[in-house]
Amino acid sequence: MAKQSSNTNLHKAKNNKKDEFYTQLSDIENELRHYKDHFKNKVVYCNCDDPRVSNFFHYFSYNFEYLGLKKLIATCYKNQDADLFSTNVSDKAVYLEYTGDKNGNSVPDAHEIGVKPLEGDGDFRSQESIELLKQADIVVTNPPFSLFREYVAQLIEYDKKFLIIGNLNSVTYKDIFKLIKSNKLWFGHSIHSGDREFRVPEDYPLTAASSRIDEKGNKFIRVKGVRWFTNMDYTERYEDLILHKEYTPEEYPKYDNYNAINVDKTKDIPIDYVGHIGVPITFLDKYNPEQFEIVKFRKGDDDKDLVINGKSPYFRIIIKNKKL
Ligand SMILES: C[S@@+](CC[C@H](N)C(=O)[O-])C[C@H]1O[C@@H](n2cnc3c(N)ncnc32)[C@H](O)[C@@H]1O
């Protein structure tokens, strides 16, 4: 029993270490410029952000006046299990509040930022963090991937606007897919392919071949399948996906257990097919809710994974062209 719990702790420790990577300012800027109008007079909360390393805090404090923010809050998580993994310099969780530049130099000076201690460890699920969440209009951060489901559920429960980073594969989680299907969650604008570079702490377990150390000794990893997830609208979301192929039964066979054609590449969706169509999850990168309806995910009529000629393709989303 004791052994099992120490294994669980060790596993948790590993996961925690792996969650410790920091978003680059350029990635934040590239996404945030599509939402400027959403931020006027709003309280922004970054709830997984140590302000000393978080570029989210940096971005919002330096762009406070430009965006017309009302308040910026950041909470910093400090895992109390310090002997198992200690990536943080300080062992006390704090939160910060910034209400804009006071001395006219357009820069968030240290004395303008209110630093307050937290009783607990700054976990986004703690009552203290929830009280701060309640004050917020918009939550923007890169939360721990290992808690993504719980993290999104909390944002929905408290009815918040949000813009967060996650992994493409989380769309395959039941609860997340449900939100996407009901148009309560969609991908952001700027990341739709490839991988992204994140800075990591000194002791990050570097296993990936895709890691780098810069001339100053900072470590970076490249992470695949990163996406922004949001419930804030932006104009480009309503651009139609341009289609050019026509339907033929030979090129587009149907599933054995569902009345839909299978399409392996989003760009090959036939322009003229009226019925249900199975597409890869990367279709969501091009999804315009006025052009397509999302019908369901993954399963056929028998509630088993979609099968075509006896074989299951990787996850498929069933869609329907609304304009036909
Ligand atoms: C992927 S990192 C991103 C950090 C920062 N938001 C950024 O983008 O640079 C996720 C962060 O969440 C923190 N974290 C892990 N578990 C947490 C929890 N339960 N509550 C709040 N923050 C947590 C980690 O310490 C880590 O710094």
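**First stop: a helix pair**

Select α6 and α7, which are oblique to each other because of the angle between them, oblique being the class left over once angles under 35 degrees are called roughly parallel, over 145 roughly antiparallel and 65 to 115 roughly perpendicular. Before going further, note that this is a predicted model, in which local features need pLDDT of at least 70 and side-chain atom pairs count only at pLDDT 80 or more, while totals for chains, interfaces and linings use all residues. Residues are numbered from 1 along each chain as its sequence is written.

The axes of helix α6 (residues 148-157) and α7 come within 9 Å and cross at roughly 45 degrees; axes are lines fitted to C-alpha atoms, for helices over the stretch in contact, and angles run from 0 to 180 degrees between N-to-C directions. Helices (H or I, at least four residues) and strands (E, at least two) are DSSP runs, numbered from the N terminus. The crossing of α6 and α7 is left-handed, a term for a near helix turned anticlockwise from the far one by less than a right angle, with right-handed used if it is clockwise.

Now show R149, V152, A153 and I156 of α6, which meet D175, I176 and L179 of α7, contact being counted if the C-beta atoms, placed from the backbone, lie within 7 Å. This contact has five nonpolar, no polar and two charged residues, where Ala, Val, Leu, Ile, Met, Phe, Trp, Tyr, Cys and Pro count as nonpolar, Asp, Glu, Lys and Arg as charged, and the others, Gly among them, as polar.

**Second stop: the two domains**

Colour domain 1 (2-233) and domain 2 (239-321) separately; such bounds come from an automatic or database domain assignment. Their C-alpha centres lie 34 Å apart, and 10 residues of domain 1 are in contact with eight residues of domain 2. On the domain 1 side, α7 (174-181) and β7 (186-187) each give two or more residues, and α7 provides the largest share, three residues.

Select helix α2 (residues 25-32) and helix α3 (residues 55-62), whose axes come within 9 Å and cross at roughly 50 degrees. The crossing of α2 and α3 is right-handed, and the contact is made by L25, I28, E29 and L32 of α2 with N55, F56, H58 and Y59 of α3.

**Last stop: the ligand**

Which residues are the closest to the ligand? Among the 19 residues that surround the ligand, they are Y22, T23, C48, Y77 and N142, a residue being counted if its C-beta atom, placed from the backbone, lies within 6 Å.

Key
Contact = placed C-beta atoms within 7 Å.
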